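Please view the sequence and the structure below before reading on.

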Amino acid sequence: MAFMITQAYKAALSVLAKKPFVLWGLSLMSGLLCILAVIFCLPLPIVFIPVSLTLSAGMSIIYLDGLRGKQVNSDQLFLGFKNFWHVAGGMAWMMLWVLIWSLIPFAGIIIGIVKAYSYRFTPYILMTRPEISATEALRVSMRETQGKRGAMFGADIIIALGFLVVVMILALLAQIPILGVLFALLLAIVYIVFIAFGPLFLGLVEAYFYETRNHRPVYYQYPPYGQTPGGAPNGGPYYQQYPPQSAPNGAPNGAQPRPPVTPAPEPKTATPEPKPAEATAKPAAPEPKPAAPETKAEEPKPQEPTETK
């Protein structure tokens with residue numbers, strides 16, 4: 001969750017750093033148009049409520065295009081009016097169900113907050129996927145926000161708590177004599193910056209979560225050699241972002257699995273080079289020596305008789 005929130009903050013800050021005044025001007029225009037719709041159609045809430053909801057959906061597309069690095073302009077703010085009944089009906093259907101869930105006794109507020117985050121992707125679905133009906137958009141949003149609701153809530157609550165802590169500290173320091181004027185001025189600047197850019201930042205954070213709705217960790221285990229990979233629950237987490245349209249068939253959660261592990265080539269053993277024939281030939285057996293000539297034993301000579309005296 002912390003990783004997702006950090007990445008969302010980085011993406012939102014990078015977009016705000018590139019085009020802060022354009023986004024602020026479009027957000028201001030959207031707010032002024034909603035106020036004018038309320039003023040001129042106050043006796044007819046059936047008119048200004050759909051108009052305000054459609055403008056809000058158009059602002060969601062501006063956040064999404066800004067996050068994608070596209071050019072943003074005022075025409076995108078009115079894109080929802082091209083399919084007015086579809087967008088306005090889907091947004092009104094979402095608000096109605098959030099209200100109904102919030103009316104449950106005791107736990108209604110908590111359930112309403114959970115449902116509000118479950119339906120968070122509804123304006124993006126209505127604007128980017130018109131083939132999905134207004135009522136079906138809520139069910140699609142509930143499926144796509146699974147695993148991200150806690151991170152979205154954490155991203156919002158961190159900003160709110162941070163703003164509250166800064167305001168309380170500056171309000172206390174503003175009570176110091178003489179120097180308190182400086183802290184009071186700083187507190188006013190914090191209020192102005194938060195009111196001007198806070199909704200922009202949170203809108204870009206929300207658009208980031210929609211853009212990465214299918215980029216989830218895949219728990220992966222290396223398969224044995226020769227087998228194709230699949231989502232394995234006993235492996236370590238492997239996180240990689242891929243657009244939903246490029247995810248391969250069968251990949252869990254819309255993310256692309258790690259490619260199969262190819263076995264390392266076996267080390268080749270050096271074969272000894274054949275030695276020359278002369279070196280490898282066995283030495284010839286020595287020629288047999290000629291047999292020694294047979295020596296006949298001399299026959300003993302007869303002894304002559306000796307004379308006796």
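## Helix packing

At what angle do helix H5 and helix H8 pack, and how far apart are their axes? In this predicted model, H5 (residues 108-118) packs against H8 (residues 149-173) at an angle of about 105 degrees, and their axes are 9 Å apart. Because angles of 65 to 115 degrees count as roughly perpendicular, H5 is roughly perpendicular to H8.

On the H5 side, the contact involves Ile 113, Tyr 117 and Ser 118; on the H8 side, Arg 149, Met 152, Phe 153 and Asp 156 take part. By class, the residues of this contact comprise 4 nonpolar, 1 polar and 2 charged.

## The largest pocket

The largest pocket holds about 640 Å³ of space. Its lining consists of 26 residues, and those nearest the centre are Ser 27, Ser 56, Met 59, Tyr 63 and Pro 199.

Helices H2 (20-40), H3 (45-67), H4 (84-102), H6 (122-128) and H9 (180-211) each give two or more residues to this lining. H2 provides the largest share, with 7 residues. Sorted by class, the lining has 18 nonpolar, 6 polar and 2 charged residues.

## Aromatic pairs

The model contains 12 aromatic pairs. One of them joins Tyr 9 and Phe 201, whose rings are tilted, with 5.4 Å from centre to centre and 40 degrees between the planes. Tyr 9 belongs to helix H1 (residues 2-18) and Phe 201 to helix H9, so this pair ties together parts that are 192 residues apart in sequence.

Notes. Residues are numbered from 1 along each chain as its sequence is written. This is a predicted model: local features need pLDDT of at least 70, side-chain atom pairs count only at pLDDT 80 or more; totals for chains, interfaces and linings use all residues. Side-chain values use heavy atoms; hydrogens and water are left out. Axes are lines fitted to C-alpha atoms, for helices over the stretch in contact, and angles run from 0 to 180 degrees between N-to-C directions. Helices (H or I, at least four residues) and strands (E, at least two) are DSSP runs, numbered from the N terminus. Angles under 35 degrees count as roughly parallel, over 145 as roughly antiparallel, 65 to 115 as roughly perpendicular and the rest as oblique. Contact means heavy atoms within 4.5 Å. Ala, Val, Leu, Ile, Met, Phe, Trp, Tyr, Cys and Pro count as nonpolar, Asp, Glu, Lys and Arg as charged, and the others, Gly among them, as polar. On a 1 Å grid over the protein atoms alone, a cavity is a set of points where a 1.4 Å probe fits but cannot get out, and a pocket is an open set with protein on both sides within 12 Å along at least five of seven lines; lining residues have an atom within 4 Å of a point. Grid points are joined across faces, edges and corners, and a volume is the space filled by probe spheres set on the points. Rings of Phe, Tyr and Trp (its six-membered ring) pair if their centres lie within 6.5 Å; planes under 30 degrees apart count as stacked, over 60 as edge-to-face and the rest as tilted.
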